[in-house]
Amino acid sequence: MLLKQFVQLAAVLASAIPICNASALARNSRRQSTASKYVFAHFMVGIVENYTLDDWKSDMTTAMDIGIDAFALNCASVDSYTPTQLALAYQAAEEVGFKVFISFDFAYWTNGDTANITQYMQTYAGHAAQMQYNDAAVVSTFVGDSFDWTPVKAGTNHSIWALPNLQDPAEWSSDAQRSVDGAFSWYAWPTDGGNSIIPGPMTTIWDDRYISDLGNATYMAPVSPWFFTHFNSKNWVFICEDLPTRRWDEILTMQPDLVEIITWNDDGSSEWASGFPHDAWRDIYKPYIQAYKSGATTPTVDTEEIVYWYRPTPKGVTCTNDSLPAPNGIDLLSDSIFVATMLTKAATLTVTSGGNAAISVDVPAGIVTSNVTMGVGQQSFVLSRNGETILNGTGGLDIVDTCETYNYNVYVGSVTA
């Protein structure tokens, strides 16, 4: 899910097949919001202690290029540099024409921190770079379900639009939600709730529950391309292999009020992030974001491209120098190479994965994800139309059958003209 690697920037058959859209609750069954649709990206302030103004500007201009409107600035109460970095973020956003808003991380904040939270909102709610929605300053949380926003709103000289992360949409009916204007879901991956791991594919079951329970309130839907983590306290991978396009197809069907990408920079360990760029996912996201904002049900492709992603090793490989076991969830993964074709016209995709025989599949115009069985060695990708090669390239990382530490991150690359 590492979208900071968006800046450097998570369907399991043997042959390549297009992956179809999932159904979703129709947007027209709900109140149409008068506000514009926006796309945000969750930004972890807690890991950018040494960011400069130029660092913030660089990230923001990269985000703006694909249509992201604002960063949700996830901040903790315990970091001494939070005030400094929030000030820099707001300054940078104002200077480049971007927007930001605070997302209070209730892994650190508590319900007793009302005064401090109110002070932050009083400081920034009316700032020129503050994200406004329905003429009110957006504020969100990570968890923080039971926090009462009534005194914060009363103590801030600017209207506030509170969109906390509700872990269960049924919480909306509780008294604690009287001062809340909507909710944000964290369920951007196949799950039964919390961090449970279930077989894919991703569906809209959680979105449908939020939409139903929220009624006319604002729903901020989550989007993520991947989720792998390898720490003592959290060691798992979600089953999200086709998610970079599947989730956006669901978003275009649902047309939620708001979208938040999770996350832009939540890569807590260079051990599995270094050398694994995710840049090319931006190329996929850009036309999807444009389609979402225009209300279209499919993205429009202007430039043809192949975007691929795959893990560095098959899931059966035992790593020889890791203090932790293999991540939970790997048994549900497929050993596959995933390829999104971005086409203006139908074409034929041919993928040769390591020593496996080449697999060809006819793919239609638009953005479609296909997959082939993973083979150890070099990965090659060819796109042809009417017998003529249009795009031809090799993967930036060879797949190997040995490893010292487990890495279920994916290498993301592209082939362009």
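The legends below describe close-up views of a predicted model. In this model, local features need pLDDT of at least 70 and side-chain atom pairs count only at pLDDT 80 or more, while totals for chains, interfaces and linings use all residues. Residues are numbered from 1 along each chain as its sequence is written, and side-chain values use heavy atoms, with hydrogens and water left out.

**View 1. Helices H7 and H9 come within 10 Å of each other, axis to axis.** Helix H7 spans residues 243–254 and helix H9 spans residues 280–294; helices (H or I, at least four residues) and strands (E, at least two) are DSSP runs, numbered from the N terminus. The axes cross at roughly 5 degrees, where axes are lines fitted to C-alpha atoms, for helices over the stretch in contact, and angles run from 0 to 180 degrees between N-to-C directions. H7 and H9 are therefore roughly parallel to each other (angles under 35 degrees count as roughly parallel). Residues making the contact (heavy atoms within 4.5 Å) include Trp248 and Leu252 of H7 and Trp281 and Tyr288 of H9. The contact residues divide into eleven nonpolar, one polar and one charged (Ala, Val, Leu, Ile, Met, Phe, Trp, Tyr, Cys and Pro count as nonpolar, Asp, Glu, Lys and Arg as charged, and the others, Gly among them, as polar).

**View 2. Cysteine 319 and cysteine 403 form a disulfide.** A search of the whole structure finds one disulfide, meaning a pair of cysteine sulfur atoms within 2.5 Å. The sulfur atoms of cysteine 319 and cysteine 403 are 2.0 Å apart. The torsion about their S-S bond is about -95 degrees, so this disulfide is left-handed. Cysteine 319 lies in the loop between strands E12 and E13 and cysteine 403 in the loop between strands E18 and E19, so the pair ties together parts 84 residues apart in sequence.

**View 3. Cysteine 240 is in no disulfide.** The nearest cysteine sulfur, that of cysteine 319, is 18 Å away. Cysteine 240 is buried, with a relative accessible area of 1% (buried means under 20% relative accessible area, with a 1.4 Å probe and protein chains only). Cysteine 319 is also buried, at 9%, and cysteine 403 is buried at 15%.

**View 4. Four strands form an open sheet in the order E15-E14-E17-E18.** The pairing is antiparallel; two strands pair if DSSP finds at least two bridges between them. The edge strands, E15 (359–363) and E18, each pair on one side only. The twist averages 20 degrees from one strand to the next. Five bridges join E14 (residues 347–353) to E15, and the bridge partner of alanine 347 in E15 is valine 363.

Definitions and conventions: Angles under 35 degrees count as roughly parallel, over 145 as roughly antiparallel, 65 to 115 as roughly perpendicular and the rest as oblique. Buried means under 20% relative accessible area, exposed over 50%, partly exposed in between (1.4 Å probe, protein chains only).
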